[in-house]
Structure formats: structure tokens, C-alpha cells
Amino acid sequence: MSESRSTSPLLAKGEKVGAENGEESHQESKTSSKQAFFNIFNANMGTGVLAMPYVIRLTGYWGVILIIIIALLGNYTGKLLIYCLREDTAYEDLSKSTYADLGEAFWPRYGRVMVHITNFFEQFWHCTLFLIMCGTVLHHTFPDSFVSESVWIAVVSIAVLPCAGVRTMKHISWISLLTVIVAIVSSTCVLVYALAHFHQWRTHDLAPFRFKEMSIAMGIIVVTYSSQAYLPIIEKSMRYQGEFNAIMDFTYTLVTIIKFNYGILVFFCFREHTEQIMTLSIPDGAFRITLSLAVIVTALLFYVVPMFTLYDIFEHQLDIQLFAELKDEPLRCNKNSMPKLVFRFVFILLSTLVAIFVPHFGLLMAWVGSFTGTILVLIYPCLFHVKLHYSTIPWYHILFDLSIALFGLVGCVCGVVFSSIQIAKEYDFYGMWGIEPDDE
């Protein structure tokens with residue numbers, strides 16, 4: 001994949017075009033270590049911090065341990081991906097620069113498509129989650145309007161229709177940073193409120209260890225650490241690539257501290273009233289409305305990033321004949337651009353329909369994280385490393401990687417099953433088939 005088709009929401013300097021600029025121009029176009037830190041921070045923070053108190057509500061102190069474990073494994077597998085890209089494989093010297101390149105090296109015939117399809121659905125579900133977030137927040141912020149979440153989702157979907165006309169990442173390169181800032185500011189406001197009401201805290205009798213809740217919580221946490229698809233582009237864009245591992249360690253440590261502190265401190269204040277999106281835990285009033293509107297703006301803005309990534313995969317990476325013939329024709333209202341525009345509007349419509357019919361933010365977030373998130377973050381990197389470097393790494397390293405992949409597989413299966421069961425209960429799918437669900 002060429003750099004011009006990078007799907008990572010990077011903060012990068014504008015590149016100078018022309019051979020005469022030489023190596024100096026090439027270096028100037030690279031990102032600094034500080035920019036690399038912000039890129040990794042943005043990819044791992046986002047709006048996921050808003051769901052951390054709900055994770056603690058499900059799992060208690062076990063949730064803190066789970067957050068730390070997923071962070072450690074995500075940091076490890078992220079650096080593992082970069083190692084696989086830097087080092088030659090056990091078979092041949094392949095040109096590798098992206099996650100999909102590693103997939104092709106792992107499985108020459110189908111590996112590239114395998115990675116692209118997994119990432120495609122990952123980005124699609126993220127788009128759906130942002131719409132559900134908007135609908136949920138609006139429904140709870142204006143309960144007297146008697147408008148359901150599904151109707152609110154349909155309304156806000158109109159605001160994301162212009163996404164179909166986005167041409168390059170240059171139009172949205174700073175959106176991820178803006179959304180992270182708004183998400184952190186909103187979360188900090190909720191945290192300050194919780195700290196100001198510390199006399200209401202109850203720090204005992206937290207939820208015990210329950211496997212079902214842990215599986216669902218793991219899916220939610222994995223979504224908030226789903227940066228692996230972006231890391232190869234981030235590392236490649238760095239001016240000093242040797243600093244990547246140190247930046248990863250620092251960034252993951254900072255992100256993890258923020259997540260579990262915000263999660264547990266906000267939960268102490270609201271306890272059983274902790275909502276799936278932490279800003280909704282605030283009592284009704286102007287303060288809550290302000291925070292809710294900020295969250296809605298954040299979700300609508302960040303919708304562009306995964307949707308644009310989805311466009312790029314579909315139009316450039318999957319080798320679909322129709323789009324290969326169109327090449328990189330600029331988007332205009334003419335017959336040449338019509339196939340692209342039609343498919344782009346179809347993707348927006350599909351994400352809206354899924355959001356309307358499954359308006360359960362926390363459960364769908366757990367399902368997505370358990371399925372595509374776990375595959376991209378835990379399973380693929382370890383399997384790729386073992387397959388490509390089995391002759392150069394010690395047996396205990398192979399065993400460790402396979403253990404992580406197995407842990408991810410178990411988490412994937414259990415998370416998908418339990419979150420699917422909970423979604424089915426919400427819709428009384430059991431009643432449709434004459435089955436009595438277990439109420440425990």
C-alpha cells in the first residue's frame with residue numbers, strides 16, 4: 001500500500017513534492033517523536049475512555065486488572081508487528097510495510113485479503129458505534145421529547161452524509177486529535193464532578209468475578225486499544241524509528257493510567273447508576289446537556305476517520321475490478337464518480353440501519369471488540385510472528401506467542417457468545433423461537 005493511500009489518522013507535516021528536494025525533503029516530511037506519541041495516543045484513547053466506568057461496574061476491581069492485562073498485551077503485539085515488518089522472514093526477503101503485507105507473507109494466497117476484510121468490518125462497526133453513541137446520548141439527554149434512540153440515530157445520520165465526499169486524509173488529519181481532546185475534557189469534567197461528590201463514594205462491595213461479565217468487559221477494553229492497524233504507518237512515518245518501542249511503552253502506560261483511574265473513580269461516585277457512556281451518569285441539568293452535546297459533536301466528527309478508512313480499503317485494497325478501472329478519479333457529480341459515491345452512501349446507510357436495529361452501545365462495543373478487535377490486536381500479530389520467524393526465535397517465545405493467541409481466541413469466542421446472548425435478550429429473540437432464557 002502506498003503512503004498516499006495511508007488509512008491512518010496521522011498528524012503529519014505536509015510533504016514536499018519533487019525529486020530535487022532529495023533526502024532533506026524526505027526527512028522533513030517525517031513525523032517527530034512527539035507527533036508519533038500523539039498519533040499512538042489518539043489511536044488508543046478516542047472516545048473509549050467514556051466507557052471505562054461501565055467496565056468497572058461490570059467487573060469491579062477485576063476490571064482494573066483486565067485493563068492492565070489488555071494494555072500489556074496490546075503494547076507487546078504492537079511492537080511485535082513492527083518487528084515483523086523490520087526483520088526478514090524465514091522464507092524470503094519480502095517487501096513489507098503494512099499490516100496487510102504481513103498477512104500476505106503469512107498466507108500468500110489469502111492473507112492480504114484476510115487482513116483487509118477484518119479491518120474493513122472493524123472500521124464499519126466503529127462507524128456504527130459512533131451513531132449509536134449519538135442516539136443514546138440524545139435519547140437520555142432529552143427524555144421528555146418521547147423520541148426513541150432509533151429515531152435519534154436516523155436523524156443524526158443525516159449529519160454524516162457529507163462523509164461520502166471526503167477525498168483524502170488531509171481533510172481529516174486533525175479530527176482524531178480534536179475528538180480525543182473533547183473526549184478527555186468531557187471525561188475530566190465528569191471526574192471533577194465525581195471528586196467533588198467524594199462523600200457519596202462507596203468503595204466496597206464491588207462486583208465479584210463473573211466469567212460472563214469479564215468476557216463482555218474484555219471486548220469493550222479491546223476496542224479502546226485497537227490501534228494495531230495504524231501502528232505500521234505511524235512507525236514508518238517517524239523520523240527516528242529507533243524510538244518507537246520507547247514511545248509505545250510510555251504511551252500505553254499513560255493511556256492505561258488514565259483509563260483505569262477515570263473508570264474506577266467515576267464508578268465510585270455513581271455505582272449502580274453508572275451508564276454505558278459516563279457523561280450520562282451526571283444528573284439532569286445544563287451541565288449534563290453541555291457534556292452530552294460535546295460527546296455528540298465528538299462522535300460525529302470521529303465517524304469520518306473509520307468511514308474514510310473503510311472507503312480506502314474497499315476502493316484501493318480489495319482489488320475490485322470496478323474501482324480498479326476508475327483508478328483515482330477525483331470525486332465529482334458525474335458518471336465517472338457515481339459508482340464510488342453510490343457505494344459510499346450505501347456504507348453510510350448500512351451503518352445507520354445496523355445502529356437503528358441494534359441501539360445498545362455497550363453490548364455492541366463488546367461484540368465488536370471480542371470479534372474483529374481481538375483478532376487484529378491479539379491473534380494475528382502472534383500468529384504472524386510465529387509463522388514468519390519460527391526458525392529464529394526460541395521455543396519459549398513461540399509458546400508465549402501461541403498462549404496470547406489462544407487467550408485471544410478464547411476471549412473472542414466467549415465475548416461474541418455472551419454479548420450476542422445479551423443482545424438477543426434485549427430483543428426477546430428467545431420468545432420468537434419459544435425458548436425460555438436463563439435470567440441469571
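Q: On what basis are residues numbered and values computed here?
A: Residues are numbered from 1 along each chain as its sequence is written, and side-chain values use heavy atoms, with hydrogens and water left out. In this predicted model, local features need pLDDT of at least 70 and side-chain atom pairs count only at pLDDT 80 or more, whereas totals for chains, interfaces and linings use all residues.

Q: How is the packing of two helices described?
A: Two packed helices are described by the angle between their axes and the distance between the axes. Helices are DSSP runs (H or I, at least four residues), numbered from the N terminus. Axes are lines fitted to C-alpha atoms over the stretch in contact, with angles from 0 to 180 degrees between N-to-C directions. Here, the axes of helix α3 (residues 52–59) and helix α11 (residues 244–270) come within 7 Å and cross at roughly 65°.

Q: Which term describes how α3 lies to α11?
A: Angles under 35 degrees count as roughly parallel, over 145 as roughly antiparallel, 65 to 115 as roughly perpendicular and the rest as oblique. α3 is therefore roughly perpendicular to α11. Contact (heavy atoms within 4.5 Å) is made by M52, P53, I56 and R57 of α3 and by K259, Y262, G263, I264, V266 and F267 of α11.

Q: At what angle do α13 and α15 cross?
A: The axes of helix α13 (residues 304–317) and helix α15 (residues 338–357) cross at roughly 130° and come within 11 Å. These two helices, α13 and α15, are therefore oblique to each other. Residues making the contact include M307, L310 and F314 of α13 and F343, F347 and I348 of α15.

Q: Is S370 buried or exposed?
A: Buried means under 20% relative accessible area, exposed over 50%, and partly exposed in between (1.4 Å probe, protein chains only). S370, found in helix α16 (residues 361–389), counts as buried because its relative accessibility is 1%. Leaving aside neighbours within four places in sequence, S370 is in contact with S215, G219, G411, C412, G415 and V416. The side chain of S370 also reaches the backbone oxygen of A366 at 2.7 Å.

Q: Where does S237 lie?
A: S237 lies in the loop between α10 (231–236) and α11. With a relative accessible area of 12%, S237 is buried. Its side chain reaches the backbone oxygen of I234 at 2.8 Å. S237 and T31 are 206 residues apart in sequence, yet 5.8 Å apart in space, C-alpha to C-alpha.

Notes: Polar contact = N/O pair within 3.5 Å; in protein donor to acceptor, adjacent residues only side chain to side chain.
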